[in-house]
Amino acid sequence: MKVEIFSMCDAVKDYNGKLSILGTFDTIFSRQMPVVHPIMGIAAKIRFESKKMGKYKIKITIAGDNGKIHIDGIDGEMEVKQAPEKTSAVNLAVNITNFNIPTFGEYTVNLIIDEEIISSIPLYVRKVN
C-alpha cells in the first residue's frame with residue numbers, strides 16, 4: 001500500500017471517487033490557549049496493489065508532543081475492491097468540528113491501518129504575535 005495524499009485541510013469531500021480538498025495547512029495560529037478550532041478536514045488517498053484487496057481497519061489519531069492522544073475516536077473499516085486496473089485507490093475524507101487544542105506546540109496526526117502507522121504529518125499550533 002502507498003499513501004499518495006495525507007493532509008490537514010479546511011474541508012474535504014469525496015465525490016464518487018474524486019477527492020476534493022480545500023485549503024491544506026500544517027499550522028494553526030491562536031492568541032490564547034486553550035482554543036477550539038471550529039472545523040478542519042483530514043484527507044487521504046491510499047493506493048493498494050490488486051493482491052492486497054480486502055477489508056482493513058483504519059484509524060486516525062492526533063497526539064501532542066508529550067505523546068498524549070487528543071483525538072483517538074476516528075476509526076472504522078474500509079474495503080478495497082478489485083478494479084480493472086493493477087491497483088485500486090481508496091479516498092478518506094474526515095471533517096472534524098470543534099477540535100479542542102489545549103496547548104501551543106507540535107502535534108502528530110497519524111494514519112493507522114490494521115494497527116500500523118502508515119503515515120504521519122505534523123500539526124503546529126503557534127501563538128500569534
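Does Glu77 count as buried or exposed? Glu77 counts as exposed, because its relative accessibility is 57%, where exposed means over 50% relative accessible area, buried means under 20% and partly exposed lies in between, with a 1.4 Å probe and protein chains only.

The model is predicted, so local features need pLDDT of at least 70 and side-chain atom pairs count only at pLDDT 80 or more, while totals for chains, interfaces and linings use all residues. Residues are numbered from 1 along each chain as its sequence is written, and side-chain values use heavy atoms, with hydrogens and water left out.

**The negative patch**

Glu77 belongs to strand S6 (residues 69–80), where strands are DSSP runs of E with at least two residues, numbered from the N terminus. Together with Glu79, Asp114, Glu115 and Glu116, Glu77 forms a negative surface patch. Such patches are made of residues with over 30% relative accessible area and no salt bridge, like charges being joined within 9 Å and nonpolar side chains (Val, Leu, Ile, Met, Phe, Trp, Tyr) within 5 Å. Asp and Glu count as negative and Lys and Arg as positive, whereas His and the chain ends are not counted; the place of a charge is taken as CG of Asp, CD of Glu, NZ of Lys or CZ of Arg. Accessible areas come from the Shrake-Rupley method with a 1.4 Å probe, and for residues only the protein chains shown count as cover.

**Strand S8 and its partners**

Strand S8 (residues 105–113) is largely enclosed by the rest of the structure, because seven of its nine residues are buried. S8 pairs in the antiparallel sense with strand S5 (residues 54–64) over seven bridges, pairing being counted if DSSP finds at least two bridges between two strands. Within S8, Ile113 stands opposite Ile58. S8 also pairs in the antiparallel sense with strand S9 (residues 116–127), over nine bridges, and Ile117 in S9 is the bridge partner of Ile112. The hairpin of S8 and S9 has two residues between the strands, and Asp114 there takes a positive phi near 50 degrees. Asp114 is partly exposed, with a relative accessible area of 41%.

**The salt bridges**

The structure holds two salt bridges, each defined as a side-chain nitrogen of Lys or Arg within 4 Å of a carboxyl oxygen of Asp or Glu. They are set out in this table.

| Pair | N to O distance |
|---|---|
| Glu4 and Lys45 | 3.8 Å |
| Arg47 and Glu4 | 2.5 Å |

Arg47 lies in strand S4 and Glu4 in strand S1, so this pair ties together parts that are 43 residues apart in sequence. Glu4, Lys45 and Arg47 are linked in a network of salt bridges. Glu4 counts as partly exposed at 34% relative accessibility, Lys45 as partly exposed at 24%, and Arg47 is likewise partly exposed, with a relative accessible area of 24%. The C-alpha atom of Lys45 is separated by 5.7 Å from that of Val90, 45 residues apart along the chain; Val90 is found in strand S7 (residues 87–101) and, at 14% relative accessibility, counts as buried.

**Backbone features**

Most residues other than glycine have a negative phi, and most peptide bonds are trans. Asn16, in the loop between S1 and strand S2 (18–25), has a positive phi near 50 degrees, and at 84% relative accessibility Asn16 counts as exposed. The peptide bond from Met33 to Pro34 is cis, with omega near -10 degrees, and Pro34 is found in the loop between strand S3 (27–30) and S4.

Notes
Helices (H or I, at least four residues) and strands (E, at least two) are DSSP runs, numbered from the N terminus.
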